[in-house]
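Let us walk through this structure together, one chain at a time. Keep the viewer open as you read, so that you can find each element as it comes up.

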Amino acid sequence: MTRVFVFTNHKGGVGKSTSATNTALGIAGMLRRAGASNSRVLLIDTDSQAHATLVTTGTKDYGTDDSLYTVLMADRQNAAQTLLNCIVPSTWDADLHILPASPMLEGAERELMGIAGAPYRLADPLSRILNRYAAIVIDTRPSFSLMTEMGLIAATDAIVPVEPRYLETVGLMSVIGKINDIREGWRQPNLRVSGILVTKMNTRIRGHNHLLDELKGHSVLGKLLLGVVPANEAVSYAHQNHQSIFNYDPKASASKAYAQFVGKLVQRIAKGGA
Amino acid sequence: MPPKNQTQRIDELLGGVTEELLLGNPQQFEDNSIRVERLLLEMVRPDPVQPRRVLPEQLHFAFHSNRLTPTQALKELVQLVQVAARQRGRPFNNVLELLPNPDDEGDEDQSVHLSPEEQLLHDLVNLAITIRDDGQVNPLTVVDVSQGVTQQFRIETGERRYWATWLLRDFIAGYNSDGMIPCIIIPAERSSVFRQAKENTARSGLSAIAMARQSALLVLTVHGYEIPPHAVSNDFYRQALDLDLRGKREYTDTILTAMGGIEKAQFSRIKSLLKLSDEAMELADRHNIEEFRLRYVVTVSAEYHAEILRQIIDFNLTAKQVKELCEGNDLQTDEEDSIEKLPPAAMKMAKVTQVVSTLTAQDLAKALMLQEADPAIARARLQALRKLIMETEQFLMSE
């Protein structure tokens, strides 16, 4: 079964889009390198800010007829075909495909509110094209909105990027609680919290080291820790140039950390298990 | 697309990690086996150059040139059949009415001769109902022809099941599936016209014209012609008429095997059916006329092909009758028509006029009596002859 990784945290600025985009590219590249027969990866941007769309396609001029908004508004019968029609190639890599976001998504939440089956409007068509991709990565918006719920319902693996700060770590617990609510309440047994990715780690800050140590020492969270990405200005410059961190500076510490993290995800894809 | 050196940089960076993290077991990704998957119906398309055609010619071209969606093509087909059925006095509104009503008593329906279009739709509806009730047991065989973000699969076998599924989805109530269709996916590099030919000829029901198209595809392929990815006219297949297997002896056995193990002479006869006019090909294909009845038609001028085909269909002519029709009357020359079409008896009478001076009245009277054995009838024959001679004389004078 194709793994669907959703990057979610209701706290903004923790590196969801950066992690989602670089992870999607990393998986495609690593699978190709491993000689996989299918190394295509689909990145779905559900954030109306469309930052992931902008950096991976070079534009965010997507609207009512060529974006995720179009898919969500399509007839149920035509939704899968609409989804296929809206997917665009990334400028980063031939095997990376993007389902772009649009500012219209803000309105979509209001339009869909109260419509029966609205939370499944992404999961349903996505399930019909799932096997065409080796993996799917979903970037969510920094809130627990309908759009984020749609992303979680469509996913198999939730990855929580978190900054090593006290309040962010507190927020982590509520994110995990929310994901569990969706798994139980929406009857999504395939969804699970698969990992925590610590971002913007600065070893010179004592508080960061302390929280990371606590996380590692935690009986449950410690096992979920999949990677630690150091704070690195190469990430900002990569965004500015609409490039991945791997392309912008392959030797940067953040690049290496993301590569390690992607490797662990690819290992899971290969094993097909937890 | 990113520059190639950028991709290389990613590969270099990630390459080291892969070997380390995949625990030296990257083979688990190298899955090149043929697999069965459920594909979205919209991602699957029939092969435009498939020799076996399901839709009538006109719809075939409209569909493959993207002027019609699958639903629109089926709608056109249903309308076409409705007209044909109404002309035969059995109109219908719903496609399900094409199937016999199990509540009706008697076998009246079984004796009804359906037109090819009616038969086609009838078969599709039948198949659709089977799929609805029992599911799609037999997967389609498709070739992965996806490029970039455009994901598409070309049908190698199972076009009827494809159309039946569309029919079920959009024209028949009770379809509860999710719009997916089970398919055996063949990697593009494993696909070939030889493989397709074997698949086709292994199944029954390939018409003589479809076999002719099939032979053309094989011959064109071994001569290095590129098979286009779009619908082609019969002229494309007719290029094979100028080609043979003399210079390609190494392929002869492969081609004959792919055609179902036929003899070389039979292969030539099948290929020569491409000489038929477009209209005749369409008629022969639609009515599934056999090669042994068509082989004589190609010997006459192309302008007569369609008319002869209509006679074959309307009067269900045997091969012998077709042969007589094509050879007895020289349809290739218009100028000699008036002479060639004369009744043989007239020709004999004309010959008799050349030897009339050698006969006596007594000889003729004896011969007439020998033939008719009745003087009254013999006199009646002579009177009829006299009348004919007088009219002939008048005709010649007016000429």
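Predicted model: local features only at pLDDT ≥ 70, side-chain atom pairs only at ≥ 80, totals over all residues.

Two strands count as paired here if DSSP finds at least two bridges between them. Eight strands form an open sheet in chain A, in the order β3-β4-β2-β5-β1-β6-β7-β8, and their pairing is mixed. At the edges are β3 (88–89) and β8 (225–230) of chain A, each of which pairs on one side only.

Strand β1 of chain A, residues 3–7, pairs with strand β5 of chain A, residues 135–139, in the parallel sense and over five bridges.

How many of the ten residues of β7(A) are buried? Nine of them are, so β7(A) is largely enclosed by the rest of the structure. Across β6 (157–162) and β7 (192–201) of chain A lies helix α8 of chain A, residues 166–185, running at about 165° to β6(A).

I176(A) is found in helix α8 of chain A. Is I176(A) buried or partly exposed? It has 17 other C-beta atoms within 10 Å, and a residue needs 20 or more to count as buried and 12 or fewer to count as exposed, so I176(A) is partly exposed. In sequence I176(A) is 16 residues from V160(A), and in space the two are 8.3 Å apart, C-alpha to C-alpha.

Stepping back, chain A has 13 helices and eight strands. Its radius of gyration is 17 Å, close to the 19 Å that the globule rule gives for 274 residues, so chain A is as compact as a globular protein of that length. The C-alpha trace of chain A spans about 55 × 40 × 35 Å along its principal axes. Of the 274 residues in chain A, 54% are buried. Among contacts in chain A with a separation of 6 or more, 75% come from residues 24 or more positions apart.

Let us move on to chain B. Its five strands β1-β5-β3-β4-β2, given in sheet order, form an open sheet with mixed pairing. Strands β1 (35–40) and β2 (44–45) of chain B stand at the edges with a single partner strand each, so one side of each is left without a neighbour in the sheet. Strand β3 of chain B, residues 140–144, runs parallel to strand β5 of chain B, residues 180–186, and four bridges join them. Within this pair, L140(B) stands opposite C183(B) in β5(B).

Finish with two helices of chain B. Helix α7 (residues 208–222) and helix α10 (residues 264–272) of chain B pack at an angle of about 105°, with their axes 8 Å apart, which means that α7(B) is roughly perpendicular to α10(B). On the α7(B) side, the residues that meet α10(B) include M211(B) and V219(B), while F267(B) and I270(B) are among those from α10(B). By class, this contact of α7(B) with α10(B) has seven nonpolar, one polar and one charged residues.

Notes:
Residues numbered from 1 in each chain as written. Chains lettered and ligands numbered in written order. Axes fitted to C-alpha atoms, helices over the stretch in contact; angles between N-to-C directions. Parallel < 35°, antiparallel > 145°, perpendicular 65-115°, else oblique. Contact = placed C-beta atoms within 7 Å. Nonpolar A, V, L, I, M, F, W, Y, C, P; charged D, E, K, R; others polar. Rg over C-alpha atoms; globule rule 2.2 N^0.38 Å.
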